[in-house]
Amino acid sequence: MSKRIENALSFSHELMQKCLQEGDVAVDATAGNGHDTVFLAKHVGQTGKVYSFDIQQQAVEATRERITRCEMAERVVVIHDGHEHMTSYVRVPVRGILFNLGYLPGGDKEIVTRPEKTLKAVRDGLQLLCPQGLMILVVYYGHPGGQEEKEALLCFLRKLDQKQYTVLMYHFVNQHNTPPFLIAIEKNQS
Ligand SMILES: C[S@@+](CC[C@H](N)C(=O)[O-])C[C@H]1O[C@@H](n2cnc3c(N)ncnc32)[C@H](O)[C@@H]1O
């Protein structure tokens, strides 16, 4: 039976799905095994575009393979580079940006997202977002370095001007095994 209160990952998809429309541009800032890239590609439709970043060759290959199998390769640009360089590749307004922080499931657990790079990508990504666009971060923080990344992010987000951005944090308060939590940032109409 499905639960009424969704976990952070499925809630990220639910929110993003409401935001994306056919023809939109979206960014998967952490491609990993390509699940989120396929999800975004499906929701921007045939006339949309997804830019998908990862620093690991293994992730880039897995993502390319998955989008090819799903017959969506022509609407996705898979980029073997860090999300901190996002603005070198994406030069158009973006409707949705998804981050899934931490390490690659099934991969090297020592290769994780890093606070300073994540923060740079979040800052740059917010500039790329169009009004009413949405940035979502699913934050895993149980691994070494995860807590520092979480603190750095929250410190930055608490200072965002509420006139410009609406910031939501969605997390479980009685689960003690560090499940991921979600941050959603909507760019307000100016
Ligand atoms: C939790 S996984 C992402 C899962 C993925 N969204 C999926 O659907 O399978 C995190 C990924 O972030 C990647 N990563 C780490 N640092 C990065 C960076 N600076 N830029 C882009 N990707 C990065 C890792 O290589 C890893 O594949």
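Predicted model: local features only at pLDDT ≥ 70, side-chain atom pairs only at ≥ 80, totals over all residues.
Biologist: What makes strands β1 and β2 a pair?

Modeller: Four bridges join β1 (residues 25-28) to β2. Side-chain values use heavy atoms, leaving out hydrogens and water.

Biologist: How do you know where a strand or helix begins and ends?

Modeller: Both are DSSP runs, numbered from the N terminus. A helix is a run of H or I of at least four residues, and a strand is a run of E of at least two.

Biologist: What pairs with β2 over five bridges?

Modeller: Strand β3 (residues 76-80), again in the parallel sense. F53 stands opposite I79 in β3.

Biologist: Why is the unit of β1, helix α2 and β2 called right-handed?

Modeller: The term describes the crossover: with the strands pointing away from the viewer, the path from the first strand over the helix to the second runs clockwise. β1, α2 (residues 35-44) and β2 make such a β-α-β unit. β2, helix α3 (residues 57-69) and β3 make a right-handed β-α-β unit too.

Biologist: What makes β2 mostly covered?

Modeller: Five of the six residues in β2 (residues 49-54) are buried. Buried means under 20% relative accessible area, exposed means over 50%, and partly exposed lies in between (1.4 Å probe, protein chains only).

Biologist: Is A31 buried or exposed, and how do you know?

Modeller: Its relative accessible area is 5%, so A31 is buried. A31 is found in the loop between β1 and α2.

Biologist: Which residues does A31 touch?

Modeller: T37, S52, F53, D54 and T63, not counting residues up to four places away in sequence. Contact means heavy atoms within 4.5 Å. R66 is 35 residues from A31 in sequence and 11 Å away in space, C-alpha to C-alpha.

Biologist: Why are D124 and K120 called a salt bridge?

Modeller: The term asks for a side-chain nitrogen of Lys or Arg within 4 Å of a carboxyl oxygen of Asp or Glu. In D124 and K120, the closest N and O atoms are 2.5 Å apart, so the pair qualifies. Both residues lie in helix α5 (residues 115-128), four residues apart, about one turn of the helix. D124 is buried at 16%. K120, at 36%, is partly exposed.

Biologist: How many salt bridges does a search of the whole structure find?

Modeller: Five. Side chains of opposite charge can pair when their charged atoms come close. One of the five joins K18 to E14, with the closest N and O atoms 3.9 Å apart.

Biologist: What separates K18 and E14 along helix α1?

Modeller: About one helical turn, because they are four residues apart in α1 (residues 8-19). K18 has 64% relative accessibility and counts as exposed. E14, at 30%, counts as partly exposed.

Biologist: Which salt bridge does E74 make?

Modeller: One with R75, at 3.9 Å, N to O. R75 has 11% relative accessibility, so R75 counts as buried.

Biologist: What sits over the ring of Y141?

Modeller: The charged end of K150, 4.4 Å from the ring centre. The term requires NZ of Lys or CZ of Arg within 6 Å of the ring centre and within 35 degrees of the ring normal.

How values were computed
Residues numbered from 1 in each chain as written. Pairing = 2+ DSSP bridges.
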